[in-house]
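Me: I'm new to this one and would like to learn how to read a few of its features. Can you walk me through them?

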Amino acid sequence: MPRFLKPIFFLFTLLLLAACGGSQKLVDQKTLEPWVGTWRGQGVRDNRIDPLQQWTLTLALKGNQLAGKMSDELGEMRNVELRDVRVAEGELHFKLSYESSRGLHVLYRHRARMQGDKLLSLFEGNEGGKSFAGKWEAKRVYEDNAVKK
């Protein structure tokens, strides 16, 4: 290869690698930071007679991604690791699954929006093959474990 073409080839290769570098759109840290923290509130599954439950979601930055865990006050969801956590178009999306106290597999898919210090989530999922949907409204919990009103 002629010597004068080497820099052009190198530049072309870099541009090609940058363009093909990955299909997943990266979200900058400033977009993720507002979601970081602990959120607590009551989750309600539609058309169920279950008592209202306090759910706690904890989100942290790991590298340039969000990671988190979720728990409930009854102890079925015991710091369950979140899967497929992402922020897209101003919404937080995540999944979680665990085994219920009745031995059934439970899967949740959450889609949440932030309004000030509130997190408003619509979710759907299934338990033992039976579908459900519901809502969860949570408030940010601060270091002294108090929920800001």
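Me: Is Asn79 buried, partly exposed or exposed?

Reply: Buried means under 20% relative accessible area, exposed over 50%, and partly exposed in between (1.4 Å probe, protein chains only). Asn79 has 49% relative accessibility, so it counts as partly exposed. Bear in mind that this is a predicted model, where local features need pLDDT of at least 70, side-chain atom pairs count only at pLDDT 80 or more, and totals for chains, interfaces and linings use all residues. Residues are numbered from 1 along each chain as its sequence is written, and side-chain values use heavy atoms, with hydrogens and water left out.

Me: Where is Asn79, and what is its phi near?

Reply: Look in the loop between strand S3 (65-72) and strand S4 (80-81); strands (E, at least two residues) are DSSP runs, numbered from the N terminus. Phi of Asn79 is near 50°, a positive value in a residue other than glycine.

Me: And what about Glu89: buried or exposed?

Reply: Glu89 counts as exposed because its relative accessibility is 77%. You'll find Glu89 in the loop between strand S5 (83-88) and strand S6 (91-99), and its phi is also positive, near 50°.

Me: Which residues lie nearest the centre of the largest pocket?

Reply: A pocket is an open set of points on a 1 Å grid over the protein atoms alone, where a 1.4 Å probe fits, with protein on both sides within 12 Å along at least five of seven lines; lining residues have an atom within 4 Å of a point. Here 19 residues line the largest pocket, with Arg45, Arg48, Asp50, Gln53 and Glu76 nearest its centre. Strand S1 gives the largest share of that lining, 3 residues.

Notes: Helix = DSSP H or I, 4+ residues; strand = E, 2+ residues; numbered from the N terminus.
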